[in-house]
Amino acid sequence: MKIASFNINGIKARVAALPDWLDEAQPDVVVLQEIKSVDEAFPREMLEERGYNVETHGQKSFNGVAILSKLPLEDVTRGLPGDDEDDQARWIEATVVGDDLALRVCGLYLPNGNPVPGPKYEYKLAWMTRLQARAEALLAEETPFLMAGDYNIIPQAEDAAKPDNWREDALFRPESRAAWRRLVNLGLTDAFRARTQGPGHYSFWDYQAGAWNRNNGIRIDHFLLSPTVADRLRACQIDRDVRGRDKPSDHVPIWVEL
DNA sequence: ATGTCTCCAGGATGGAGA
């Protein structure tokens, strides 16, 4: 089973690039972030034509996540538990029913958190505390799961081409990275790092300042796997070349093969 | 040194978010 994550930075702006990549990569399941669309305006037909079941958790202008799956989706839930006041569309879950596995797939768009300090950073850290609680609950019930998406976290210096540029940024602040480590240390596996070591592997290049041409990137899109899912990991790769195409998102897809 | 893209309101361009 091939499962991908892709922050598309606006579905309307990616109506050509997204199906092109889907046709080529042929993922069975995809979690999307930053669809920047309400559910009613999401171009589901374009995806259903390709054999995907489509579940969205949209919002006007900002945020918005979705799950696409060629396999049946069950028990879809929207919104990260733990704060009834939070109306930002950043979390969707569904169970993907495969031949020999019922996998809970969690798609997430973790808050950016800048500027630091400030209310947006407080929101990011609070959101990560809720994420931790959700992971603990899934582990406690021994549900096979993965959490994939745009974490807006640079885990280590080697995950940035120019780490010194990010020292004061919400994506790389010690408090942010500590929250990431607490999550991983529950017993989750960073799928990419389970397969590939060393610097130079990025999933995001800013549109500004020629970041792509200079390969000034960061690795912020991640898959975290529960123990039984980690046992099934066969591959994890980043589709880097997607960034060099026409009308690209600033993120590229990352995927796992289970 | 600077550099961009997307969305929306509103009806032109500018602000917000990233």
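His222 touches Met147, Ala148, Gly149, Tyr151, Ile153, Pro155 and Trp180, leaving out residues up to four places away in sequence. Contact here means heavy atoms within 4.5 Å. Some housekeeping: this is a predicted model, where local features need pLDDT of at least 70, side-chain atom pairs count only at pLDDT 80 or more, and totals for chains, interfaces and linings use all residues. Residues are numbered from 1 along each chain as its sequence is written, chains are lettered from A and ligands numbered from 1 in the order written, and side-chain values use heavy atoms, with hydrogens and water left out.

Back to His222. It sits in strand β12, residues 221–225. Helices (H or I, at least four residues) and strands (E, at least two) are DSSP runs, numbered from the N terminus. Is His222 buried or exposed? Buried, at a relative accessible area of 0%. The cut-offs: buried is under 20% relative accessible area, exposed is over 50%, partly exposed is in between, with a 1.4 Å probe and protein chains only. The side chain of His222 also has a polar contact with the side chain of Arg219, at 3.3 Å. A polar contact is a pair of N or O atoms within 3.5 Å; within protein, one must be able to donate a hydrogen and the other to accept it, and residues adjacent in sequence count only if both atoms are side-chain atoms.

Trp180, one of the residues His222 touches, is also one of the buried residues of helix α4, residues 174–184. The cover over the buried residues of α4 includes α3 (119–140), β9 (189–190) and β12.

Next, His251. This one is in the loop between β13 (235–238) and β14 (254–257). His251 is buried too, at 3%. The side chains of His251 and Asn7 make a polar contact of 3.4 Å. Other residues touched by His251 include Phe6, Asp150, Ser203 and Asp221.

Now the DNA. Lys60 puts a polar side-chain atom 2.5 Å from a phosphate oxygen. Tyr207 uses a polar backbone atom, 3.1 Å from a sugar or linking oxygen. Arg214 goes to a base: a polar side-chain atom is 3.2 Å from a base nitrogen.

On to helix α1, residues 17–25. Leu18, Pro19, Trp21, Leu22 and Ala25 are buried there. Down the axis of α1, these fall within an arc of 160°, so they line one face of the helix. That arc is taken over the directions from the helix axis to the C-beta atoms. The buried residues pack against β1 (2–7), β2 (29–33), α2 (44–48) and β4 (65–69).

Last, the backbone. Two peptide bonds to proline are cis: Asn114 to Pro115, omega about 0°, and Val116 to Pro117, omega near -5°. Pro115 is in the loop between β7 (102–109) and α3, and Pro117 is in the loop between β7 and α3. Asn63 has a positive phi, near 55°, and is buried at 7%.
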